[in-house]
Amino acid sequence: YFEYTFMKNITLKIILTTTLVLLAPSAFAHVTVKPATVGVGTHQSFLIGVPVEKDIPTTSIRLVIPDGLEYVTPNTKPGWKIEIKKNNQEDADMVTEIIWSGGQIQAGFRDEFLLSAKVPSKETTLLWKAYQTYKDGTVVAWDMEPSEEETTEEGNGPASVTTVMDDVSEGTTSQAANNTTLWISITALLVSLSTLYITSKKADK
């Protein structure tokens with residue numbers, strides 16, 4: 001009985017640890033820009049997702065527009081003031097930043113902002129640097145390189161990335177495959193947990 005109980009506890013710990021590792025990317029939400037993959041030279045709509053991770057509202061979002069994007073146009077957002085900054089030194093039509101302010105996203109909620117733009121005509125990577133301001137004046141910067149996955153003590157984290165590809169189906173297929181693998185692993189873990197629970201019940205009788 002002691003050996004069975006010991007093995008059961010070890011198995012539960014292994015399953016729990018594996019589950020946490022698998023779910024880690026989704027456990028720490030941050031400002032994201034979707035889609036993650038687009039085709040070269042396309043006119044694209046981008047969705048900026050902003051979650052509130054503190055116990056106070058978010059009052060402003062500043063998004064730095066990656067180099068190479070053209071005809072950047074934000075959608076109207078009821079309740080929010082939209083400020084568009086341009087690089088007047090080189091091209092009056094080149095948008096460099098968009099700032100949404102005047103509204104609030106309450107603690108425990110998220111909101112979405114939209115913009116459209118023409119992406120570069122060659123393969124590249126778009127790094128979306130975003131700065132999230134809270135009601136107390138705290139600014140959380142989502143501007144770290146993608147390789148720097150760890151969130152700092154101040155709450156700062158990696159910037160969202162969009163890959164511009166010549167064959168967009170390749171990136172989409174790869175992402176879909178990764179998602180499928182993740183959910184298969186989660187399903188297998190759930191089945192293992194169920195089996196372990198049933199076995200332990202039988203052993204207790």
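**Salt bridges, sheet and core**

At 27% relative accessibility, arginine 62 counts as partly exposed, where buried means under 20% relative accessible area, exposed means over 50%, and partly exposed covers the range in between, all with a 1.4 Å probe and protein chains only. The structure is a predicted model, in which local features need pLDDT of at least 70 and side-chain atom pairs count only at pLDDT 80 or more, while totals for chains, interfaces and linings use all residues. Residues are numbered from 1 along each chain as its sequence is written, and side-chain values use heavy atoms, with hydrogens and water left out.

Arginine 62 has a charged partner, glutamate 97, and the two form a salt bridge whose closest N and O atoms are 3.0 Å apart; a salt bridge here is a side-chain nitrogen of Lys or Arg within 4 Å of a carboxyl oxygen of Asp or Glu. Because glutamate 97 lies in strand β7 and arginine 62 in strand β4, the pair ties together parts that are 35 residues apart in sequence. Glutamate 97, with a relative accessible area of 17%, is buried. As a general point, side chains of opposite charge can pair when their charged atoms come close.

The structure holds 3 salt bridges. One of them brings together the side chains of lysine 77 and aspartate 111, at 2.8 Å from N to O, and this pair links distant parts of the chain, since lysine 77 sits in the loop between β5 and β6 (81–86) and aspartate 111 in strand β8, 34 residues apart. Lysine 77 is buried, at 18% relative accessible area, whereas aspartate 111 counts as partly exposed at 23%. In another salt bridge the side chains of arginine 110 and glutamate 112 meet at 3.0 Å, again N to O; arginine 110 is partly exposed at 47%, and glutamate 112 is partly exposed at 34%.

We can now turn to the overall layout of the chain. The protein has 2 helices and 12 strands, where helices (H or I, at least four residues) and strands (E, at least two) are DSSP runs numbered from the N terminus. Read along the sequence, the pattern is α-β-β-β-β-β-β-β-β-β-β-β-β-α.

Some of these strands build an open sheet of 4 strands, with the order β1-β3-β8-β5 and antiparallel pairing; two strands are said to pair if DSSP finds at least two bridges between them. The edge strands are β1 (32–34) and β5 (70–74), each of which pairs on one side only. Direction ignored, neighbouring strands of this sheet are turned by 25° against each other on average, an angle between axes, which are lines fitted to C-alpha atoms (for helices over the stretch in contact), with angles running from 0 to 180 degrees between N-to-C directions.

Within this sheet, 9 bridges join β3 to β8, which run antiparallel, and β5 and β8 pair in the antiparallel sense over 3 bridges. Serine 116 in β8 stands opposite serine 45, and threonine 73 also stands opposite serine 116. Glutamate 70, in turn, stands opposite lysine 118 in β8.

Two places in the backbone deserve a look. A cis peptide bond, with omega about 5°, joins lysine 34 and proline 35, and proline 35 is found in the loop between β1 and β2 (37–39). Tyrosine 71, in strand β5, has a phi near 55°, a positive value in a residue other than glycine. At 57% relative accessibility, tyrosine 71 counts as exposed.

In soluble globular proteins, nonpolar side chains tend to be buried together. The largest nonpolar core here has 28 residues, among which Ile48, Leu63, Ile65, Trp100 and Leu115 touch the most other members; such a core is a set of buried Ala, Val, Leu, Ile, Met, Phe, Trp, Tyr and Cys residues joined through side-chain atoms within 4.5 Å. At least two residues of this core come from each of β3 (43–51), β4 (58–64), β7 (95–105), β8 (110–118), β9 (124–134) and β10 (139–144).

Finally, some totals describe the whole protein. Of its 205 residues, 30% count as buried. Among contacts (heavy atoms within 4.5 Å) between residues at least 6 apart in sequence, 68% join residues at least 24 apart.
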